[in-house]
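Subject: Handover of a structure, with notes

Dear colleague,

Please find the structure below, followed by notes on what was found in it. Kindly keep the structure open while reading.

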Amino acid sequence: MPIDFIAATYIGSFEDSGLLLEVYDEVNRYFMREELPIRMLFVGKLSIPPGYLINLQTEAGTVKLYPLEAILDALHSKLLHEIESKGSIKMDKIFALVSFPLVSRNPYFDFYEQFFGIQEERVGLRMMVLSVKPFENGAERREMFKNRLLKGVLHEIGHSYGLSHCQNNCVMNPPANMDEWDSRFLGYCDSCFLEIKRKLSLLEFELP
Ligand SMILES: [Zn+2]
Ligand SMILES: [Zn+2]
């Protein structure tokens, strides 16, 4: 079965960008352990021209951030570029962890959730964006923060393979709060796992 690659990047300024790479690495370890032919391929940090920065007034003061529309455009062209330069591999998805909250004027995205990210598909190419902001609150240890993000990335990837939310002890079961998320099983439940496998074999079947 050919490996399905997901381009992985990050946007914004992170004090500990090494942690993000560790998260992507852990995602790959998970897929390897579970023998799922999905791998994240780090394609470097993504810079968006500062002209797109907007100021958002929050309770904590003014936050500078990029609006979702600018992020999705940048991800889309980055993915097109990566597909062109790495022609021989199978890759139609891109994932970005971002350091700032997600803000948009357009409420019509595929997914918009309290703790999670946003996905958009454009002619078969899928962009996924996940803010680390909601996962920072009360994360006393680095390991805890890392695990929260790891589950968040698996959650978004699950959606990108057509998974809906589930009620089991599973990363596809969205939490009411971060404590719940911390206690959630790190991985897909049996039914979500089978659904991804089914989707992957269908994808293979569709290949010419
Ligand atoms: Zn979700
Ligand atoms: Zn599940």
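The four donor atoms around the zinc ion (ligand 2) subtend angles of 102 to 114°, so their arrangement is tetrahedral. Four donors count as tetrahedral if all angles lie between 85 and 135 degrees. Donors are N, O and S atoms within 2.8 Å of the metal (3.2 Å for Na, K and Ca), and because water is not among the atoms, sites may look incomplete. Here the donors are the SG atoms of Cys166, Cys170, Cys189 and Cys192, at 2.3 Å. Along the chain, these donors follow the spacing C-x3-C-x18-C-x2-C. Cys166 lies in the loop between α4 (142-160) and α5 (178-183), and Cys189 in the loop between α5 and α6 (190-206), so this pair ties together parts that are 23 residues apart in sequence. Helices (H or I, at least four residues) and strands (E, at least two) are DSSP runs, numbered from the N terminus. Both Cys166 and Cys189 are buried; buried means under 20% relative accessible area, exposed over 50%, and partly exposed in between (1.4 Å probe, protein chains only).

Please note that this is a predicted model, in which local features need pLDDT of at least 70 and side-chain atom pairs count only at pLDDT 80 or more, while totals for chains, interfaces and linings use all residues. Residues are numbered from 1 along each chain as its sequence is written, chains are lettered from A and ligands numbered from 1 in the order in which they are written, and side-chain values use heavy atoms, with hydrogens and water left out.

Gly187 is placed in the loop between α5 and α6. Its relative accessibility is 0%, so Gly187 counts as buried. Leaving aside neighbours within four places in sequence, Gly187 is in contact (heavy atoms within 4.5 Å) with Tyr30, Leu154, Cys170 and Val171. Cys170 is also one of the residues that coordinate the zinc ion (ligand 2). Gly187 and Tyr30 are 157 residues apart along the chain, yet their C-alpha atoms are separated by 7.9 Å.

Three further buried residues may be located in the model. Met40 belongs to strand β2 (residues 38-42) and counts as buried because its relative accessibility is 6%. Not counting residues up to four places away in sequence, Met40 touches Ile6, Ala8, Tyr24, Val27, Asn28, Phe95, Val153 and Ile157. Ala70 is part of helix α2 (residues 68-85) and has a relative accessible area of 9%, so Ala70 is buried. Beyond its neighbours within four places in sequence, Ala70 is in contact with Ile48 and Tyr52. Between Ala70 and Pro49 there are 9.3 Å in space, C-alpha to C-alpha, and they are 21 residues apart in sequence. Asp4 is in strand β1 (residues 4-11), and its 2% relative accessibility makes Asp4 count as buried.

Which residues have a positive phi although they are not glycine? Most residues other than glycine have a negative phi. Glu35, however, has a positive phi of about 55°. Glu35 is found in the loop between α1 and β2, and counts as exposed because its relative accessibility is 65%. Val123 has a positive phi of about 30°. Its place is in the loop between β6 (118-122) and β7 (125-131), and with a relative accessible area of 84%, Val123 is exposed.

Finally, the largest pocket holds about 180 Å³ of space. Of the 14 residues that line this pocket, the closest to its centre are Phe14, Glu15, Asp16, Glu136 and Phe145. On a 1 Å grid over the protein atoms alone, a pocket is an open set of points where a 1.4 Å probe fits, with protein on both sides within 12 Å along at least five of seven lines; lining residues have an atom within 4 Å of a point. Grid points are joined across faces, edges and corners, and a volume is the space filled by probe spheres set on the points. At least two lining residues come from each of α1 (17-33), α3 (133-136) and α4. By class, the lining has six nonpolar, two polar and six charged residues. Ala, Val, Leu, Ile, Met, Phe, Trp, Tyr, Cys and Pro count as nonpolar, Asp, Glu, Lys and Arg as charged, and the others, Gly among them, as polar.

Yours sincerely

Conventions. Four donors count as tetrahedral if all angles lie between 85 and 135 degrees; four count as square planar and six as octahedral if opposite donors are over 155 degrees apart and all others between 65 and 115; anything else is irregular.
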